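Student: I'm new to this one and would like a close look at a single helix. Could you walk me through it, and then show me what else there is to see?

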Amino acid sequence: MNRELETAINAAKEAGNIAIQTFGELDLAKIHPKDYKDFVTEVDSACEQRIASAITSAFPDDSMLCEEGSTANGTSGRKWIVDPLDGTLNFIHSFPVFSISIALCDSKNDLVTGVVYQPVLDELFTAEKGKGASLNGNPIHVSSRNDPEHFLIATGIPFKEYHYLESYVSMLKDVIHDSAGIRRAGSAAIDLAYTACGRFDAFWEYKLFPWDYSAGVLLVREAGGIVTSFSGNGDVSAHHSIVAGNPVTHPLILEKAKKHFHEHL
């Protein structure tokens, strides 16, 4: 294990411990509006501060992009991308599905390290470029299912932007027809981690940000899966859409995304 991955793991677990200590007992006074139908809690901020401190102490020359605003403008060309609590609304409602997501991009903007930690289950998903992906130290792979009647597909549901709602509903109907079931976890990082380990056969969502998906994208790719934007572009950092899956499900979902979202691409 290299120093970057070790730092990310330790930071994620420290943040997870902060979240677990408050989970189910969050005071309403510690919840603040961030945007329309979007919230941040003092736990998000505490987790981010702990992660940012750990990373800057270990790698002071690296840059950093965190969801809740922590930044660092380093000189190394490398950038850490952090979501300190992915699934904040779940956390607020004591719904036990949330995660900490930490990723590192190298000077070429390639994802090289990824960690997604789900503290409630103590599940640690890790990946290093070219070295595969793991869950609690055991190698993981995307699913090998190839029959639509067996597919379990994950997605994200629009909650504050409605200009693409009709496209989403049309695509959802199409995917329902070609799958056994649909799930919405409320954390894109978990959706991608579960796709990486084969619990989900594919995942798609429109309107995501780098802190939502960066670690998860590396997990899926290192687990043998395919990740692109809705247009089929492998450089998802330049887009706000994700299609992830195995060699069978990815092209199936991508075809539907192009069909139903063509006017938004």
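Tutor: Let's start with the buried residues of helix H2: Val43, Asp44, Cys47, Glu48, Ile51, Ala52, Ile55 and Ala58. Buried here means under 20% relative accessible area, while exposed means over 50% and partly exposed is in between (1.4 Å probe, protein chains only). Accessible areas come from the Shrake-Rupley method with that 1.4 Å probe, and for residues only the protein chains shown count as cover. Look down the axis of H2 and its buried residues fall within an arc of 160 degrees, so they line one face of the helix. That arc is taken from the directions from the helix axis to the C-beta atoms. On the face of H2 turned away from its buried side you'll find the exposed residues Gln49 and Ser57.

Before going further, keep in mind that this is a predicted model, where local features need pLDDT of at least 70 and side-chain atom pairs count only at pLDDT 80 or more, while totals for chains, interfaces and linings use all residues. Residues are numbered from 1 along each chain as its sequence is written, and side-chain values use heavy atoms, with hydrogens and water left out.

Back to H2: this helix covers residues 42–58, 17 residues in total, and spans 25 Å from its first C-alpha to its last, close to the 24 Å expected at 1.5 Å a residue. The expected span is 1.5 Å times one less than the number of residues. Helices (H or I, at least four residues) and strands (E, at least two) are DSSP runs, numbered from the N terminus.

Now for the strands. An open sheet of eight strands runs in the order S4-S3-S5-S6-S7-S8-S9-S10, with mixed pairing. Its edge strands are S4 and S10 (138–139), each pairing on one side only. Two strands pair if DSSP finds at least two bridges between them. Strands of a sheet pair through backbone hydrogen bonds, either parallel or antiparallel.

You can see both senses around S3. Strand S3 (residues 63–66) pairs with S5 (residues 79–86) in the parallel sense over four bridges, and Ser63 stands opposite Lys79 in S5. With S4 (residues 71–72), S3 pairs in the antiparallel sense over two bridges, and here Leu65 stands opposite Thr71. Further along, six bridges join S6 (residues 99–105) to S7, and these two run antiparallel. Leu104 stands opposite Thr113 in S7.

The loops have some details too. Most residues other than glycine have a negative phi, and most peptide bonds are trans. Ser94, though not a glycine, has a positive phi of about 60 degrees; this residue sits in the loop between helix H3 (88–92) and S6 and counts as partly exposed at 36% relative accessibility. Asn136 is not a glycine either, yet has a positive phi of about 50 degrees. Asn136 lies in the loop between S9 (132–135) and S10 and is partly exposed at 43%.

One more loop residue is Ser187, between strand S12 (181–183) and helix H5 (188–196). Ser187 is buried, with a relative accessible area of 1%.

Finally, Leu121 is found in the loop between S7 (111–118) and S8 (123–128), and is partly exposed at 48% relative accessible area.
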